[in-house]
Amino acid sequence: MNASRKPAAGRPTITRRKLLQSTMAAGAGLTILPSGVLAGPNPPSNKLNIAVIGAWGRARAHFKSIQNENVVALCDVDEQNLAKAAETFPGAKHYVDWRKCLQQKGIDAVVCSTTDHTHAFIANWALNRDMHVYCEKPLANTVEEARVVRAKWLSKKDKLATQVGTQRHAHPNFDRVREMILDGAVGTLQHVHAWGDRELRYNTSYLPPAGDPPAHLHYDLWIGPSPMHPYNPGYFGGCLKWNMFWDFGGGQIGDMGSHTMDLAWYPIDASLPTTAEAFGEDFNPDITPVDMTATFEHPANDWRPAIKVTWYQGAHGKARKEMDPFKNGHGALFVGDKAMLAAGFTNHKLLPLKEGGSLDHYTPRPQSEQIPPMGGFQEQWVNACKGDLKCACDFKYSGDAIEQMLLGLIAYRVGEKLQYDSKAGRVTNNGPANELLSRKYRDGWVLDG
């Protein structure tokens, strides 16, 4: 197969025979289920029993896509959030501890929308119980967590569907950018730049004690596996309030960095990097960096040579977006030996390497050969749970991407270029860096439960 026409991950090709079969069934008001049994649009026997863990905030974005399934459990450390979610799903059982929620019999699938520092735990525990998992980004808060969850899913990928919540991936622009890179729009790919320009700074240290938590908030469960910090309402009110702290998130990396790296990651078919180096503002033991640049080296694959991938955030990201004709606050630039491709989540433009340069080397592929649209991102996961198990942003694809980004944070912390053995998951030239690949959990909390 020509490398420029490789099918994209998560976008299955449709044969004429399959298209005719599905069209005939649709005409009869029927659906061909994975078992080959004909049934109505969503009969009771084909509905998923879903647990929603983290029941408000970002979880609300999933309500529409799962409202025709059986939502049998709701879990949230805030009982007020549980009450609000119960208005939409009145028949579900309620939990404040996700570990107890996952013990409920008959759960087929889990939607996880909790704080970042519990994502890998919930995902891994659910996989251990043979549950399909949709997990909001980022999949993990450490390199070790990413590797554990990815390995667990790979051992069960023939029976479980997984998706990480980088929902912008469903925009057709992602497919057009991938096609252009595969089809040689920039020539031979050499370097990919991705950036985000947010410079939010709420605090400079962990927050001081501020009384007791409200009765409806189970604060000890919110802290979960992380070191205990005294209650302060400043940790609440949106993900950007808590994910800047090392014990609770990865800052920019875990937030918009996950979305933007997805834009860069999808077209390049990258494996894990062999090196990571980074620099930025002075290290703060409490707060993740706002301004930082991280560069990774990736080995060649079967259609491109070895390349570099660089991530810029904060002020560094603001400087990079000036090279973008759209001035995207979050975007990517693919640089080859013939041209450059600038892209945001919803736009892209091919640029010559120098002013007045030619772009005659590239001809867009015909519409008939374009990657077919995904449709709804959450809906793809629901359908995959009932069908072929294929999702665009599964735990391999997204696990690799976040492992790379988290390596960048480690390189920033130690201030040295890291040589990385991706097979072993070890840094080979810096002992202290290896200590940062994982984190210590509070007593009573285990990742592989």
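## Strand β12 and its neighbours

Strand β9 (residues 189-196) and β12 run parallel and are joined by six bridges. Within this pairing, A194 stands opposite W311 of β12. The model described here is predicted.

β12 also pairs with strand β11 (residues 292-298), here in the antiparallel sense and over seven bridges. Strand β12 covers residues 307-313, and six of its seven residues are buried, so the strand is largely enclosed by the rest of the structure.

## The six-stranded sheet

An open sheet is built from six strands, in the order β5-β4-β3-β6-β7-β8, with parallel pairing. Its edges are β5 (93-95) and β8 (162-164), each of which pairs on one side only. From one strand to the next, the twist averages 15°. In a regular strand, side chains alternate between the two faces of the sheet.

Within the sheet, strand β6 (residues 109-112) and strand β7 (residues 132-135) are paired in the parallel sense by four bridges. V110 has V133 of β7 as its bridge partner. Elsewhere, helix α3 (residues 79-88) lies across β4 (70-75) and β5, and α3 runs at about 170° to β4.

## Helices α5 and α6

Two packed helices are described by the angle between their axes and the distance between the axes. For helix α5 (residues 119-128) and helix α6 (residues 143-154), the axes come within 10 Å and cross at roughly 20°. Because angles under 35 degrees count as roughly parallel, α5 is roughly parallel to α6. The crossing of these two helices is left-handed.

On the α5 side, the contact involves A120, F121, A123, N124, L127 and N128; on the α6 side, the residues are E145, V148, V149, K152 and W153. Sorted by class, the contact between α5 and α6 has seven nonpolar residues, two polar and two charged.

## Helices α10 and α13

Helix α10 (residues 256-265) and helix α13 (residues 397-414) also have axes that come within 10 Å, and these axes cross at roughly 115°. The two helices are therefore roughly perpendicular to each other. α10 passes α13 in a right-handed crossing.

From α10, the residues that meet α13 are G257, S258, M261, D262 and W265. Their counterparts in α13 are Y397, D400, A401, I402, Q404 and M405. The contact of α10 with α13 has six nonpolar, three polar and two charged residues by class.

Is N243 buried or exposed? Its relative accessible area is 3%, and because buried means under 20%, N243 is buried.

Leaving aside residues up to four places away in sequence, N243 touches D116, G249, G250, G251, D255 and T288. Q163 is 80 residues from N243 in sequence, and the two are 21 Å apart in space, C-alpha to C-alpha.

Methods
Residues are numbered from 1 along each chain as its sequence is written. This is a predicted model: local features need pLDDT of at least 70, side-chain atom pairs count only at pLDDT 80 or more; totals for chains, interfaces and linings use all residues. Side-chain values use heavy atoms; hydrogens and water are left out. Axes are lines fitted to C-alpha atoms, for helices over the stretch in contact, and angles run from 0 to 180 degrees between N-to-C directions. Angles under 35 degrees count as roughly parallel, over 145 as roughly antiparallel, 65 to 115 as roughly perpendicular and the rest as oblique. A crossing is left-handed if the near helix is turned anticlockwise from the far one by less than a right angle, and right-handed if clockwise. Contact means heavy atoms within 4.5 Å. Ala, Val, Leu, Ile, Met, Phe, Trp, Tyr, Cys and Pro count as nonpolar, Asp, Glu, Lys and Arg as charged, and the others, Gly among them, as polar. Two strands pair if DSSP finds at least two bridges between them. Buried means under 20% relative accessible area, exposed over 50%, partly exposed in between (1.4 Å probe, protein chains only).
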